[in-house]
Amino acid sequence: MKRFFSILLIILTLCSMVCCTRTTDDAARGATWNPDSSIENDPWMIQGTGSEGAVTVSSAKIALNPLTGESNMPEDRVGKRPIAVSVNNIIAALPQYGISAADYILEIETEGGITRLMCLYSDTREIEKIGSLRSLRDQFIEALFVIDPLIVHFGTSVYADAVLLRYNMRMLDAMIITPACWTDTARVTTGYASEHTKFTGGAAIEKGISSASINPDTKSTDMAFNFLDEKAPKRVPSEGKADSLHYYFFNSNSYSYDGDFRYNASTGKYQKWQHDKPHIDAGNDKQLEFDNVIVLFADIDLIPGQDKLLVKVDYDKGGTGYYFSQGHYESFKWSKSDFMSNFSFIGADGNELDINVGKTHMGIIRNSYKDSFEIMP
């Protein structure tokens with residue numbers, strides 16, 4: 001990780017322009033950019049040329065989904081990159097849309113203690129509205145690199161740009177590929193800040209991919225986790241009962257960003273709460289729920305010299321974690337051998353942890369918040 005950030009410093013000068021301006025290469029890739037100076041000063045004023053809507057899927061949904069381990073993915077998505085959407089999670093941007101349809105949600109601190117939801121889908125075509133959109137951070141790219149997601153976002157950081165450049169990765173930046181997003185005018189008229197008004201959806205994502213000539217095919221054959229066979233009985237974690245769990249990403253007198261999950265025995269799933277309220281998808285009024293909840297403790301620190309309080313996650317050091325499913329939990333040790341590798345979860349018996357099939361939420365939190373982590377039997 002230290003060597004990686006040394007490399008970042010070398011190319012930082014080149015990358016620092018990317019967040020605010022774009023080159024003619026964007027036009028060559030089918031990007032749309034409005035050169036108006038007021039928009040360059042406030043890129044959130046870009047309206048987006050996409051529109052809300054879905055695309056009909058006719059392919060049978062029987063293929064193995066690498067994000068859930070279940071045979072519920074359209075057959076024509078086999079060999080395609082999963083779609084990930086960087087969703088705004090700041091309190092002022094709520095409510096969110098389309099997030100209950102995600103197969104896997106990764107939540108990590110970004111800056112100033114706030115978190116972002118990286119919502120991953122095997123297929124977004126039938127989802128009319130997802131968001132609101134927010135910018136991309138490098139800690140999400142590294143965590144998900146091995147499954148090769150096509151990430152939809154609005155802007156980046158210089159560190160994310162450096163990673164994309166180093167690994168020659170193509171993502172769908174809706175700040176540049178404007179057919180991939182639109183502005184929710186109702187939010188504008190009701191007083192939302194401009195950075196909380198950008199959305200994407202099934203039709204817009206497909207238009208963005210086509211406009212930018214992005215190759216949707218993947219070379220990755222990795223599953224998101226070490227899933228059990230979907231025909232196998234659900235595994236009950238062995239360490240103890242867990243009717244609920246609670247942890248903080250950030251906690252202050254003015255606001256808190258937390259992970260709050262409560263087991264519903266009738267559904268066999270953990271329901272998500274946030275800010276002591278049910279975490280709701282406003283698109284269908286459903287509370288988020290998951291078959292699996294994974295918590296990783298990691299070294300997370302401010303990037304030196306960053307006045308915007310950007311953070312880095314030191315994946316190289318690994319750490320400890322907890323797995324929750326079926327109303328029970330067990331602890332494990334995790335590692336990630338390099339940038340391009342997947343996470344490894346090793347249980348108390350020394351073997352790779354088996355994960356039940358289904359939807360997963362994974363939160364990565366600071367080691368310094370271990371003392372406030374709670375499991376209620």
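Reader: What makes a space count as a cavity, and how many of 30 Å³ or more does the search of the whole structure find?

Author: On a 1 Å grid over the protein atoms alone, a cavity is a set of points where a 1.4 Å probe fits but cannot get out. The search finds 1 cavity of 30 Å³ or more in this structure. The model is a predicted one, in which local features need pLDDT of at least 70, side-chain atom pairs count only at pLDDT 80 or more, and totals for chains, interfaces and linings use all residues. Residues are numbered from 1 along each chain as its sequence is written, and side-chain values use heavy atoms, with hydrogens and water left out.

Reader: How much space lies in the largest cavity?

Author: The largest cavity holds about 50 Å³, a volume being the space filled by probe spheres set on the grid points, which are joined across faces, edges and corners.

Reader: Which residues are called its lining?

Author: Lining residues have an atom within 4 Å of a point of the cavity. Among those lining the largest cavity are Tyr104, Leu144, Phe225, Asn342 and Met362.

Reader: How many residues of that lining are nonpolar, polar or charged?

Author: Ala, Val, Leu, Ile, Met, Phe, Trp, Tyr, Cys and Pro count as nonpolar, Asp, Glu, Lys and Arg as charged, and the others, Gly among them, as polar. The lining therefore divides into 9 nonpolar residues, 1 polar and no charged.

Reader: What percentage of the protein counts as buried?

Author: Buried means under 20% relative accessible area (1.4 Å probe, protein chains only). Of the 377 residues, 55% count as buried.

How values were computed: Buried means under 20% relative accessible area, exposed over 50%, partly exposed in between (1.4 Å probe, protein chains only). On a 1 Å grid over the protein atoms alone, a cavity is a set of points where a 1.4 Å probe fits but cannot get out, and a pocket is an open set with protein on both sides within 12 Å along at least five of seven lines; lining residues have an atom within 4 Å of a point.
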